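Biologist: Could we go through the aromatic rings and the backbone of this structure together? I would like to see it first.

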Amino acid sequence: MHHWRRDVVELAALFTAVAVADGVANLVGHGPDGPALLSVSAALLVATAGFHTWWARRHGHAPPTGDTGARPGSAEPQAGPAELSSGVAEESALWRMRTTVKDAPGSLAALCAALAGHRVDILSLQTHPLGEETVDEFLLRAPGALAAAEITRAVALAGGSSTWIERADAHDLVDAPTRVLGLATRTALDAAELPLALRQLLGRCTIRSLPAASGKSGRGAQAVPVEGVLEDTVMRLRAPEGGVITVERPYLPFTPTEFARARALVELDARLGPRVPGGHDVLTLPEGNDITVRRADTGDLEAAKAMHERCSARTLSMRYHGPVGDADRYLNHLLSPRFGRTLAVQTTSGRIVGLGHLLWDGDETEVALLVEDQWQRRGIGAELLGRLVEMAVEARCESVYAVTQSSNTGMVAAMRGLGLPLDYQIEEGTLVITARLEKSAARETSPRHGECVSRD
């Protein structure tokens, strides 16, 4: 509709221009100075057209950037709408970094400027004062193509020394106070969480629990004061039961702040005393018998001893890798939440017929099973093993290992039934099977719908 209106206006203007031109021509052509006036008019028109062309080329038709807020044009191509809508961004990597700087004004600012120069984003920062120096701990997001060596080089040029850096993951995005409170909550709910909480608080480290020293020995708990001992890469803390908890991290010294946090977790555990989460699962075996799977601790010591007495010598030998005269002497250690987690299988009458242990062995994790003879080959061992592996996954363990004999076909079959990558090693006549944990595969080991599947 707008097109025909515009055409009518243009035609009217054309007719008007023709009429005006005809009148001017008649006026000028019949006058004495007509030719001169026409020549001068033509020259003025040519000059005006030339000036307009020069002005347009010099200044263009766009308004000045100062009037619109627009940025000057760039020679580099800009991302189009398709690229923006696709959500594709440059890959980035998370890093945990610790460096030492002089405790002087401007030292931290110099580090931040050096990191910003490499397009490194600081997600969190903790400072650990050490007298004349300060240890700064960063969580960084850096471009994926930026190598760790380039980051440490930039930090060194900015005044950082003794720099340590490693890749981080999504768990490190939680700020330090929130993470510490979460670890304290886990420790309060379950005594077996203390070693795991210390490991997650302090990073990759080796944690060992040593029993209380005898009266004749000058080592052990008697050599550790109540407030603990910090020695560079080793800290020793008084365990609640009277022993010693030793934490070692050779690749990175502990700071007084880390020592104070670890000591606070141990003190919390000591004040709360022995505790194991309640709850149990009732499962139905293929032949129709019901069994109960629950957490166990030292309160089940007598029932566990009674189960040992009902087990044959061969079953005990398979479990403890050789002749065992009094296997129950291991039970107090195995059932203690300080050294790991234990699952017990009991019948409807309350008799324990199976035990599964997840043991914290320094920075490694061991799984061990014992099932009473007449309850073997009913899927109980596989059920226990699957649940123990799930616990290890929740504890963020990278692998679990089982020590057995090559003739223990039941244990070998149960490990294979996990559906996880396995490594086999023979050490002094015993078979060590290591399973590398994968969350998806570990979950598949759990029976569905409350039934225990038999795996012979």
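Modeller: What follows concerns ring contacts and backbone angles in a predicted model.

Biologist: How many aromatic pairs does the structure hold?

Modeller: The structure holds one aromatic pair. W164 and Y251 form this pair, with 5.8 Å from centre to centre and 35° between the planes.

Biologist: Is that pair stacked, tilted or edge-to-face?

Modeller: The pair is tilted. Planes under 30 degrees apart would count as stacked and those over 60 as edge-to-face, so the pair falls into the remaining class.

Biologist: Which parts does the pair tie together?

Modeller: W164 lies in strand β4 (residues 161-167), whereas Y251 is in the loop between β8 (244-248) and α9 (256-272), so the pair ties together parts that are 87 residues apart in sequence.

Biologist: And W164, buried or exposed?

Modeller: W164 is buried, its relative accessible area being 12%. Y251 is partly exposed, at 28%.

Biologist: Which charge lies over the face of Y251?

Modeller: R249 does, at 6.0 Å from the ring centre.

Biologist: What about D232, and where does it lie?

Modeller: D232 lies in the loop between β6 (229-231) and β7 (234-238). D232 is not a glycine, yet its phi is positive, at about 60°. With 52% relative accessibility, D232 counts as exposed.

Note on methods. Residues numbered from 1 in each chain as written. Predicted model: local features only at pLDDT ≥ 70, side-chain atom pairs only at ≥ 80, totals over all residues. Heavy atoms only, no water. Phe/Tyr/Trp six-rings, centres within 6.5 Å; stacked < 30°, edge-to-face > 60°. Helix = DSSP H or I, 4+ residues; strand = E, 2+ residues; numbered from the N terminus. Buried < 20%, exposed > 50% of the residue type's maximum accessible area, 1.4 Å probe, protein only. Lys NZ or Arg CZ within 6 Å of the ring centre and 35° of its normal.
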